[in-house]
Amino acid sequence: MQSNSPWRNADFRALFTATSLSQFGTNIGYVAVPLIAVSALDAGPGQVGALATLSTIAFLLIGLPAGAWVDRMRHTRVLITADLARAVLFASVPLAWWLDTLTLWQLYVVVVLNGCATVFFDVGSQSVLPKLVGRDGLVRANSAVMTLIAVGNVAGRGAGGGLVQLLTAPLAVACTAVSYLASALRLSVIRGTPAAAPPLPGRPTRLAARIGEGLRHVFGNRELRALALTAALTNFGYQIINTMLPVLFVRELGLSAGALGLFWAMGGVGLLLGARCARPIAGRLGYGRTLGFAGLCLAPAGLLIPLIDRGPWLWPAGFGWLLAMFKTGVDNVLGVSLRQRMTSDSLLGRMNATFRFLLTGSLAIGSAVAGMIGQLTTVHTTLWVGGAVVATAFLPVFLSPVRTRRELPQEGIYPEDGPEVPLRAHGAAPL
């Protein structure tokens with residue numbers, strides 16, 4: 001095992017275990033909550049779209065200031081508080097169901113507040129990682145975390161569909177609450193994170209100015225800007241598709257919750273394979289070439305997803321879903337590592353918040369668009385729109401300088417405080 005392996009770090013192992021528990025619960029809830037709305041509360045496409053929109057709208061409302069706040073906080077406390085809040089929120093759903101008082105409005109409130117907690121958890125977890133493993137261990141650590149997220153998509157969503165069939169959707173949500181509570185307990189053992197970094201001399205201290213600094217860091221750099229645009233468009237397309245899948249599977253095709261969970265789990269398999277293959281492929285082709293060619297070769301598979309139907313057409317749609325998610329797994333490992341290495345510690349929270357604002361904000365917009373198209377046209381039309389977006393989302397990265405980058409930037413050289421490493425470092429040739 002190499003010296004920069006994150007597995008030698010007890011705090012990283014604790015974070016990894018906590019993230020495992022959190023991801024498992026999140027993916028069970030991902031399946032169970034819309035199924036509660038569709039099957040127990042008789043929600044239509046527009047209401048399912050509204051539920052999905054509200055679950056991510058917090059990133060549009062507080063995503064940017066959250067980054068400035070997290071930069072001033074101890075990150076582990078942020079993570080623990082977010083997990084405890086999410087545990088309480090999801091525990092209220094089976095309780096209300098047991099008391100026969102569960103309504104669609106309660107689900108709306110739960111997903112909005114859960115989204116607020118998730119904003120802080122996501123920004124905090126991506127900001128604490130470089131401090132736990134060091135920047136030399138980032139690719140290995142991100143590969144491990146993205147592999148974990150992929151396994152969570154397979155196990156959590158597959159288990160979510162099975163638990164809904166076995167226990168009913170409200171009781172499956174109780175498992176989500178327990179998972180968040182267990183994650184908070186595991187995070188409490190982390191001791192190695194430093195206190196929040198003080199603002200650097202000459203840097204702004206007012207909230208609006210600090211947010212602006214993070215925005216300029218991302219949008220002022222051609223590589224970071226391209227990574228953000230591609231990821232946001234990808235999320236937008238995926239969310240249009242995912243919002244309509246519960247309606248399509250359960251109501252239009254008459255398939256079971258387990259079938260929906262298995263379809264989502266197939267995407268998780270693709271995500272897992274992409275996360276595991278990202279490092280060895282990048283070692284041969286270079287980081288930028290891998291990101292560029294993964295999009296060119298795999299993103300068009302998104303056009304197979306709208307073929308979903310009963311019978312044999314389910315297989316090519318599932319294969320397209322797997323290939324598209326393989327590309328996302330590669331993007332997650334290499335793209336996240338690249339943006340973390342291009343950002344100093346003092347800006348990590350705001351950089352991550354800006355990305356989360358764009359990426360998860362695009363989920364909220366995608367949910368609203370899906371609900372509107374589904375209400376005005378058909379579910380399959382909505383899927384074709386989402387598939388077309390997924391198939392073309394790679395273009396900002398493919399047409400940017402990212403495509404020519406052979407290696408990650410050298411540690412300690414960031415765009416905001418010094419000259420950046422040349423894009424053709426280590427002999428990378430232009431394509």
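**Reading a predicted model**

Guide: At 25% relative accessibility, Ser 92 counts as partly exposed, because this value lies between the limits of 20% and 50%. The model is a predicted one, and Ser 92 sits in helix α4, residues 75-98.

Visitor: Which residues does Ser 92 contact, leaving aside its neighbours within four places in sequence?

Guide: Ser 92 is then in contact with Gln 106 and Val 110. The C-alpha atom of Ser 92 is also separated by 9.2 Å from that of Leu 102, and these two residues are 10 residues apart along the chain.

Visitor: Is Val 123 buried or exposed?

Guide: Val 123 has 1% relative accessibility and therefore counts as buried. This residue is found in helix α5. Leaving out residues up to four places away in sequence, Val 123 touches Gly 67, Val 70, Gly 349, Asn 352, Ala 353 and Arg 356.

Visitor: How many residues apart in sequence are Val 123 and Gly 349?

Guide: They are 226 residues apart in sequence, yet their C-alpha atoms are 6.2 Å apart in space. For the protein chain as a whole, consider the contacts with a separation of 6 or more: 86% of them are between residues 24 or more positions apart.

Visitor: How many helices and strands does the protein chain have?

Guide: The chain has 15 helices and 0 strands.

Visitor: At what angle do helix α8 and helix α9 pack?

Guide: Helix α8 (residues 207-219) and helix α9 (residues 222-252) pack at about 95 degrees, with their axes 6 Å apart. An angle from 65 to 115 degrees counts as roughly perpendicular, and α8 and α9 therefore fall into that class. His 217, Val 218 and Phe 219 in α8 meet Leu 224, Arg 225 and Ala 228 in α9. The contact of α8 with α9 divides into 4 nonpolar, 1 polar and 1 charged residues.

Visitor: What percentage of the residues of the protein chain count as buried?

Guide: Of its 431 residues, 57% count as buried. The largest nonpolar core has 56 residues, and those with the most contacts inside it are Leu 107, Leu 245, Ile 308 and Trp 321. Apart from that core lies another, of 28 residues, among them Leu 291, Leu 334, Val 336 and Leu 348. Leu 245 touches Leu 260, Phe 263, Trp 264, Ile 308 and Leu 383, not counting residues up to four places away in sequence.

Visitor: Where does pLDDT stay under 50?

Guide: Where pLDDT is low, the predicted coordinates should not be read in detail. In this model, pLDDT stays under 50 over residues 412-431. The protein chain averages a pLDDT of 80, and 87% of the residues score at least 70. Among its elements, helix α6 (residues 138-167) has the lowest mean pLDDT, 70, and helix α14 (residues 379-392) the highest, 93.

Definitions and conventions. Residues numbered from 1 in each chain as written. Predicted model: local features only at pLDDT ≥ 70, side-chain atom pairs only at ≥ 80, totals over all residues. Heavy atoms only, no water. Axes fitted to C-alpha atoms, helices over the stretch in contact; angles between N-to-C directions. Helix = DSSP H or I, 4+ residues; strand = E, 2+ residues; numbered from the N terminus. Parallel < 35°, antiparallel > 145°, perpendicular 65-115°, else oblique. Contact = heavy atoms within 4.5 Å. Nonpolar A, V, L, I, M, F, W, Y, C, P; charged D, E, K, R; others polar. pLDDT = per-residue confidence, 0-100. Core = buried A, V, L, I, M, F, W, Y, C linked by side-chain atoms within 4.5 Å. Buried < 20%, exposed > 50% of the residue type's maximum accessible area, 1.4 Å probe, protein only.
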